[in-house]
Amino acid sequence: MEEDESTPKKKIDSQLNLPPSMNRPTVSLESRINRLIDSNHYHSPSKPIYSDRFIPSRSGSNFALFDLASSSPKKDGKEDAAGSYASLLKTALFGPVTPEKSDVVNGFSPSRNIFRFKTETQRSLNLYSPFGSDEAPGVSPSPVKSPRKILRSPYKVLDAPALQDDFYLNLVDWSAQNVLAVGLGNCVYLWNACSSKVTKLCDLGVDDSVCSVGWSLRGTHLAIGTSSGTVQIWDAVRCKSIRTMEGHRLRVGALAWSSLVLSSGSRDKSILHRDIRSQEDHVSKLTGHKSEVCGLKWSFDNRELASGGNDNKLFVWNQHSTQPVLRYCEHAAAVKAIAWSPHVHGLLASGGGTADRCIRFWNTATNTHLNCIDTNSQVCNLMWSKNVNELVSTHGYSQNQIVVWKYPTMSKLATLTGHTFRVLYLAVSPDGQTIVTGAGDETLRFWNVFPSPKSQNRESEIGASSFGRTTIR
């Protein structure tokens, strides 16, 4: 039995279960449904379609790339859900173009995702690729480490009356027992960095003066080079002289310890090795310099001795040689600044005076010249940090500055100023964090420049409780 035209309309309305107050839409519901499922995706040409982050804009989607809209396989009239999911997963990982073997070898440029939003955000392919990045997805890269801050002013200043302004002398040294020795005129004073107590160790008299001081490795004995050419050994704990050794004809401006062997350099151009256990004043004599020996340093393994002289030469000696085994003649001025690296075996740094102004690096194991840095200023001292691969240099004419360098780039970490005369003297604290500098302005200045072995931000404890300015005698 056929039904009249009103019957389908009522049936549809009842199926929709619309409220009585709601008017039936002017456009048939059936036509709207057909438009929504139509593969052509009907939309009004006058109004753009906006979509939120959860519902993609189908008009801007590129489903045809994977044949999802028209040619996807069907089973019983339904799309293959597994195949569609696999295609979408590939697209999410690799973009619209799935990489082939040739793409992996030659590289491929990912295009935009098949889902297109009104506001697109580009995301790096490496964020999802298991091979393109070391970072896990969703994990931000580690922050860039900020450079260490170095205070530009000394935390303590000691007045040091009669501290000589002489480039060729070495009048300041810091012991392993945390005691600073300073030669002032004809006297030697000891300053305890823990208690700030000052002790007068000796007085050489009016006819002699102090030209160099050097602590033994354990910090219990102090060697003193004099203007008369003698070398005195003192027990610093008991403040008692142990012995006086002859051998040099002129002043002794450089001292260096190697275990129980003390080496001394003199204006008489010679270097003497002294074994304090021997009754002899010296056990061997080294000759080679043509002018005063003003720089002297043993390597950390006690196998090599480096010497610098006013003849602009840098020599390297072994334990048994009486003639230099390596000769370096590149400097154009006196070589006082000498420092062995505690980090690299055979790495030696040297600095030249006013006519040279350069810091040079040498590999004594291969006998090669590694690098040269023009500092534009007289190089008075060099010292490596034992905690990090950095070194500090002190300078004279014309800026009287202190520079902390990063090795091997030799980038400047800090430039410290404050001395009004050449910074002729330099020593480092036993913990490796603090340096003390001395100058002809008769002051000793303490700077925190190097980090500690455990923390690069911890302040040095040395002298921290005695901030201020005092006198050493």
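This is a predicted model: local features need pLDDT of at least 70, side-chain atom pairs count only at pLDDT 80 or more; totals for chains, interfaces and linings use all residues.
Ser398 lies in the loop between strand E25 and strand E26 (402–406), where helices (H or I, at least four residues) and strands (E, at least two) are DSSP runs numbered from the N terminus. Residues are numbered from 1 along each chain as its sequence is written, and side-chain values use heavy atoms, with hydrogens and water left out.

**Backbone geometry**

The loop between E25 and E26 also holds Asn400, a residue other than glycine whose phi is positive, near 50 degrees. Asn400 is buried, with a relative accessible area of 12%; here buried means under 20% relative accessible area, exposed means over 50%, and partly exposed lies in between (1.4 Å probe, protein chains only). Another cis peptide bond joins Tyr407 and Pro408, with omega about 10 degrees, and Pro408 is found in the loop between E26 and strand E27 (411–416). A positive phi, of about 70 degrees, also occurs at Asn312, which is not a glycine. Asn312 is placed in the loop between strand E17 (304–309) and strand E18 (314–318), and its relative accessibility of 24% makes it partly exposed. As background to these entries, most residues other than glycine have a negative phi, and most peptide bonds are trans.

**Salt bridges**

The structure holds nine salt bridges, each defined as a side-chain nitrogen of Lys or Arg within 4 Å of a carboxyl oxygen of Asp or Glu. In general, side chains of opposite charge can pair when their charged atoms come close.

| Asp166 | Arg251 | 3.1 Å |

The salt bridge between Asp166 and Arg251 links distant parts of the chain, 85 residues apart, with Asp166 in the loop between strand E3 (156–159) and strand E4 (172–174) and Arg251 in the loop between strand E11 (240–245) and strand E12 (252–258). Both of these residues, Asp166 and Arg251, are buried.

Arg267 is partly exposed, with a relative accessible area of 40%, whereas Glu292 counts as buried at 5% relative accessibility. Asp166, Arg251, Arg267 and Glu292 are linked in a network of salt bridges.

**Surface charge**

Arg249, Lys269, Lys285, Lys290 and Arg327 gather in a patch of positive charge on the surface. Patches are made of residues with over 30% relative accessible area and no salt bridge, like charges being joined within 9 Å and nonpolar side chains (Val, Leu, Ile, Met, Phe, Trp, Tyr) within 5 Å. Lys290 lies in the loop between strand E15 (284–286) and strand E16 (293–298), and Lys290 counts as exposed because its relative accessibility is 65%.

Glu390, in strand E25 (residues 390–395), is buried, with a relative accessible area of 3%, and its side chain makes a polar contact with the side chain of Arg148 (2.9 Å). A polar contact is a pair of N or O atoms within 3.5 Å; within protein, one must be able to donate a hydrogen and the other to accept it, and residues adjacent in sequence count only if both atoms are side-chain atoms.

Thr230 is found in the loop between strand E9 (221–226) and strand E10 (231–235) and counts as buried at 9% relative accessibility. The side chain of Thr230 makes polar contacts with the side chain of Thr226 (2.8 Å) and with the side chain of Ser228 (3.5 Å).

Leu180, in strand E5 (residues 179–184), is buried, with a relative accessible area of 0%. The C-alpha atoms of Leu180 and Val428 are separated by 9.6 Å, while the two residues are 248 residues apart along the chain.

Key
Accessible areas come from the Shrake-Rupley method with a 1.4 Å probe; for residues, only the protein chains shown count as cover. Lys and Arg count as positive and Asp and Glu as negative; His and the chain ends are not counted. The place of a charge is taken as NZ of Lys, CZ of Arg, CG of Asp or CD of Glu.
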